Amino acid sequence: MARPRSQQISLDTTAYYHCIGRCVRRAFLCGEDALTGRSFEHRRAWMVERLALLTDVFAIDLYAYAVMANHYHLVVRINPARMDAWSDHDIAQRWLRLFTGPRCVHQWLTGGELDAATHDQALAEIAKWRQRLADLSWFMRCLNEHIARRANEEDHCTGHFWEGRFKVHALRDEASVLRCMAYVDLNPVRAGLATVPEEGDYTSYQQRCRGLVAGEFRSGAAVVDRVALKAGATSDADAIQRADTTAVARATDATSSTGATRKLASPHSGIAVAADPEDAPDGLALPRLIELGHRPDVEPCEDPPCPIRQFALSDYLALVDWTGRAEQPGKRHAIPAAAANVMQRLNLDSAEWLALMRPRKAAVLKFEVAGSRPAPHTGPMG
């Protein structure tokens, strides 16, 4: 007998969940129809762009995602602590990015004169929205309903697009979360759509790898550009100034070229890897992924701390690569044994990577003169 979602989703048990949505009758409504030859691949981009908006609005962290032709996977964490710093004004503005909202709230936001009853009504609405912004069911509703309406409008039809609301599985420990993240990121490989996981489109693994290839490493307070550091940043202050200049230039270029107004993550957001439209195909807005490889010496720990964030990104990439090479019963595809390891495929220099992972007390890593060898690693990894 199916259990109600109120019993499946409980923060007292765990904050981590694996969510799955499937198209009705498992039809390829987000892929290519084999019968008609019509392609719906562009709808996968709709999913990613919607996730980009929802991860900005909700107090729900995204750890992994994969958008396939007839279903999708999400690994999320419900994080109501993020709302502690959100004022009533912030809550209202976030919610109104998704819904029109009642007139009383708009009047309250503009600072107009309100009678006591209207004022109380506006605050009651905002209090309700605050609860919903940390509600996984509302998050999934805002995702699925938007895609269904948009697809039905495109197809000039009505009726179900998804076979149900969504399926959810609780992830009760660190091992379960990592195992599920790897499973999600390997979906394109297991389905035979990609030889290696970074070739799988519309996945968190590809997004993380593109961030590495682009040379961007975030250290909590600033975006550190690897190329800028090599070009002659000889001090922490110089590196921060170069990184900030690069980030502003990229945000400006992306805004002017795509018409988007999406910004890089606020320095105070800390935990999120902001989506850079320049790294996305055709200016596609990417969702905010939780950064792996958290270092307490640079950024204060969350309360409660998130153990998954302390798992080094290099270790996670290697874990997925190793898992993908194993042939599993019921899965017809795997990463070829002859394929190079993920660091070689991404053309990442191992010495430079170790330098980037070295614990530090400053806001950014210290690099020697360009071309010189990094100082030996002296502390624990990750």
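Mentor: Helices in this structure are DSSP runs of H or I with at least four residues, strands are runs of E with at least two, and both are numbered from the N terminus. The model is predicted: local features need pLDDT of at least 70, side-chain atom pairs count only at pLDDT 80 or more, and totals for chains, interfaces and linings use all residues. Residues are numbered from 1 along each chain as its sequence is written, and side-chain values use heavy atoms, with hydrogens and water left out.

Trainee: Where is Tyr202 found?

Mentor: Tyr202 sits in the loop between helix 8 (187-190) and helix 9 (204-213). Its phi is positive, about 60 degrees, although Tyr202 is not a glycine.

Trainee: What makes the phi of His156 worth a remark?

Mentor: The phi of His156 is near 55 degrees, a positive value in a residue other than glycine. His156 follows helix 6 and belongs to the loop between helix 6 and strand 4.

Trainee: Why does His156 count as exposed?

Mentor: Buried means under 20% relative accessible area, exposed means over 50%, and partly exposed lies in between, with a 1.4 Å probe and protein chains only. His156 has 76% relative accessibility, and therefore counts as exposed.

Trainee: How do you know that the span of helix 6 is close to the expected one?

Mentor: The expected span is 1.5 Å times one less than the number of residues. Helix 6 (residues 136-155) has 20 residues and reaches 28 Å from its first C-alpha to its last, close to the 28 Å expected. Its buried residues include Trp138, Phe139, Leu143 and Ile147.

Trainee: What makes Asp135 a cap of helix 6?

Mentor: A side-chain oxygen of Asp135 lies 2.8 Å from the backbone nitrogen of Ser137, at the N-terminal end of helix 6. The cut-off for a polar contact is a pair of N or O atoms within 3.5 Å; within protein, one must be able to donate a hydrogen and the other to accept it, and residues adjacent in sequence count only if both atoms are side-chain atoms.

Trainee: How do you know that the span of helix 12 agrees with its number of residues?

Mentor: The 13 residues of helix 12 (residues 313-325) should span 18 Å, and the end C-alpha atoms are 19 Å apart, which agrees. Tyr316, Leu317 and Val320 are among its buried residues.

Trainee: Why is Arg44 called buried?

Mentor: Arg44 has a relative accessible area of 8%, so it is buried. Arg44 lies in helix 2 (residues 42-57), and its side chain makes a polar contact with the side chain of Glu41 at 2.6 Å.

Trainee: Is Gln131 buried or exposed, and why?

Mentor: Gln131 has 64% relative accessibility and therefore counts as exposed. Gln131 is in helix 5 (residues 116-132). Its C-alpha is separated by 8.8 Å from that of Pro80, 51 residues apart along the chain.

Trainee: Why is Ala285 called partly exposed?

Mentor: Its relative accessible area is 22%, so Ala285 is partly exposed. Ala285 is in the loop between strand 7 (272-273) and strand 8 (289-290).

Trainee: What joins strand 2 to strand 3?

Mentor: Two strands pair if DSSP finds at least two bridges between them. Strand 2 (residues 60-67) and strand 3 (residues 71-78) have 7 bridges and run antiparallel. They form a hairpin with 3 residues between them, and the bridge partner of Leu62 is Val76.

Trainee: Which residues stand opposite Tyr17?

Mentor: Tyr17 stands opposite Val76 in strand 3 and opposite Ala170 in strand 4. Strand 1 is antiparallel to strand 3, with 7 bridges, and antiparallel to strand 4 (residues 167-171), with 5 bridges.

Trainee: Why does His18 count as buried?

Mentor: His18 has 6% relative accessibility, and therefore counts as buried. His18 lies in strand 1 (residues 16-22), and its side chain makes a polar contact with the side chain of His73 at 2.9 Å.
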